[in-house]
Amino acid sequence: MGRDTVDERWQALGLGAEELRLYEALLSVPEHPSRAALARSTGLSAPRLTAALDRLAEHGFTRPSRDTPVPVAIAPATALRNLIHVHQADLLRRSAELEELTGTVDRLAARLLGSAHGAPALGIETVRGGEAIAARVAQLLVSARGEVALLDRPPYAASEPDGMPSPLDVTEPVRRGVRVRTVVDREGLSFHGRARGLGDLAAQGVQIRVGTDLPTKLITVDRRVTLLPPTDAADPTAQALVVNDSLLSNALVPLFEAIWERAVPIGSSSDGQITDEDRELLTMLASGLKDEAIARRLDIHVHTVRRRITRLMRSLNTQTRFQTGVQAALRGWLTV
């Protein structure tokens with residue numbers, strides 16, 4: 001593993017180059033006589049040394065020493081394993097928070113739709129019919145000054161009367177300098193032409209991530225107003241809800257942020273050269289086949305499969321198999 005790879009993975013843990021240099025120094029000389037000696041060996045000033053030691057302790061890479069004023073480095077395997085457990089616990093906590101937010105959205109939507117024929121709720125606007133919903137979405141996008149945030153998931157209709165903006169609508173705020181973020185449900189990538197369209201959006205400046213099992217569609221503008229499109233995109237009498245109430249928005253905006261944080265970033269699409277064999281391999285990779293199954297289908301050794309996957313990941317600048325499949329879909333590389 002190269003030094004650059006080590007640095008990148010170290011930074012992914014939330015630590016910098018100074019902490020890495022300090023940790024290596026502690027590992028190589030377990031018992032430094034003083035902080036001054038440790039500062040000289042690492043080239044860090046006293047304040048920077050103290051800050052780096054604090055960060056290492058916070059992340060569980062050192063423990064206090066009874067014999068010296070310098071802490072003792074914990075073995076890398078132990079420290080990394082403990083840190084992974086901490087991250088796993090944090091992910092479970094965030095997942096529980098997301099489930100709670102999702103339930104809040106479902107309850108709000110059910111209550112609001114159930115009272116749609118009565119007096120309108122404070123801060124809630126009901127928009128009926130595909131044309132009226134599309135017009136309201138266009139109005140919201142034009143009014144955006146700082147940010148547009150979207151959750152996009154199936155079902156889709158051929159003419160998109162579901163209240164979700166078209167690519168042209170989304171890029172208009174981008175051209176005005178508005179930040180546009182979109183989380184797309186992974187299931188939506190399988191719809192004809194959708195992956196290619198997302199690649200075009202990314203190339204024009206839309207920030208796109210891919211998630212799984214998105215709980216709803218929504219459009220939030222400047223964190224002040226949110227539109228919840230109808231569930232049934234094909235229903236001509238469908239209703240959308242426009243939420244202005246701050247209490248409700250305070251639930252919907254964190255819902256988007258929680259989903260955005262967990263989603264996988266994708267880059268912009270670009271034309272590239274790819275062989276038919278690579279296309280076939282990527283299609284099987286995107287479908288979830290393991291390396292051994294791919295090797296059997298292609299009648300090649302599993303090590304050859306892994307080398308080709310590594311090369312493709314490097315070419316696509318991706319870190320995981322999932323990201324590789326998403327990028328290949330965006331570039332239209334997958335076999336239909």
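Reply: Asp-278 and Arg-308 are both buried, where buried means under 20% relative accessible area, exposed means over 50%, and partly exposed lies in between (1.4 Å probe, protein chains only). This is a predicted model, in which local features need pLDDT of at least 70 and side-chain atom pairs count only at pLDDT 80 or more, while totals for chains, interfaces and linings use all residues. Residues are numbered from 1 along each chain as its sequence is written, and side-chain values use heavy atoms, with hydrogens and water left out.

The side chains of Asp-278 and Arg-308 form a salt bridge, with 3.6 Å from N to O. The term denotes a side-chain nitrogen of Lys or Arg within 4 Å of a carboxyl oxygen of Asp or Glu. Asp-278 belongs to helix H10 (residues 276-286) and Arg-308 to helix H12 (residues 302-316), so this pair ties together parts that are 30 residues apart in sequence. Helices (H or I, at least four residues) and strands (E, at least two) are DSSP runs, numbered from the N terminus.

Helix H10 also has helix H11 (residues 291-298) beside it: the two axes come within 10 Å and cross at roughly 145°. Here axes are lines fitted to C-alpha atoms, for helices over the stretch in contact, and angles run from 0 to 180 degrees between N-to-C directions. The crossing of H10 with H11 is right-handed; a crossing is called right-handed if the near helix is turned clockwise from the far one by less than a right angle, and left-handed if anticlockwise. On the H10 side, the contact is made by Glu-280, Leu-281, Met-284 and Leu-285, and on the H11 side by Ile-294, Arg-297 and Leu-298. Contact means heavy atoms within 4.5 Å. By kind, the residues of this contact comprise five nonpolar, no polar and two charged, where Ala, Val, Leu, Ile, Met, Phe, Trp, Tyr, Cys and Pro count as nonpolar, Asp, Glu, Lys and Arg as charged, and the others, Gly among them, as polar.

Another residue of helix H10 is Ala-286, which is partly exposed at a relative accessible area of 30%. Ala-286 and Gln-323 are 37 residues apart in sequence, and their C-alpha atoms are 9.3 Å apart in space.

The loop between H11 and H12 holds Asp-299. Most residues other than glycine have a negative phi. Asp-299 is exposed, with a relative accessible area of 69%. A positive phi, near 55°, is also found at Asp-222, in the loop between strand S7 (218-221) and strand S8 (225-228). Asp-222 is partly exposed, at 22% relative accessible area.

Glu-147 lies in strand S4 (residues 147-152) and Arg-181 in strand S5 (residues 179-185), so the pair ties together parts that are 34 residues apart in sequence. Glu-147 is buried, with a relative accessible area of 12%, and Arg-181 is buried at 3%. Leaving aside neighbours within four places in sequence, Arg-181 is in contact with residues including Val-148, Leu-150, Gln-207, Phe-256 and Trp-260.

A further salt bridge links the side chains of Arg-48 and Glu-18, at 2.4 Å from N to O. Arg-48 lies in helix H4 (residues 46-58) and Glu-18 in helix H2 (residues 17-28), so this pair too ties together parts that are 30 residues apart in sequence. Arg-48 is partly exposed, with a relative accessible area of 46%, whereas Glu-18 is buried, at 17%.

Just after H3 comes Gly-43, with a positive phi of about 75°.
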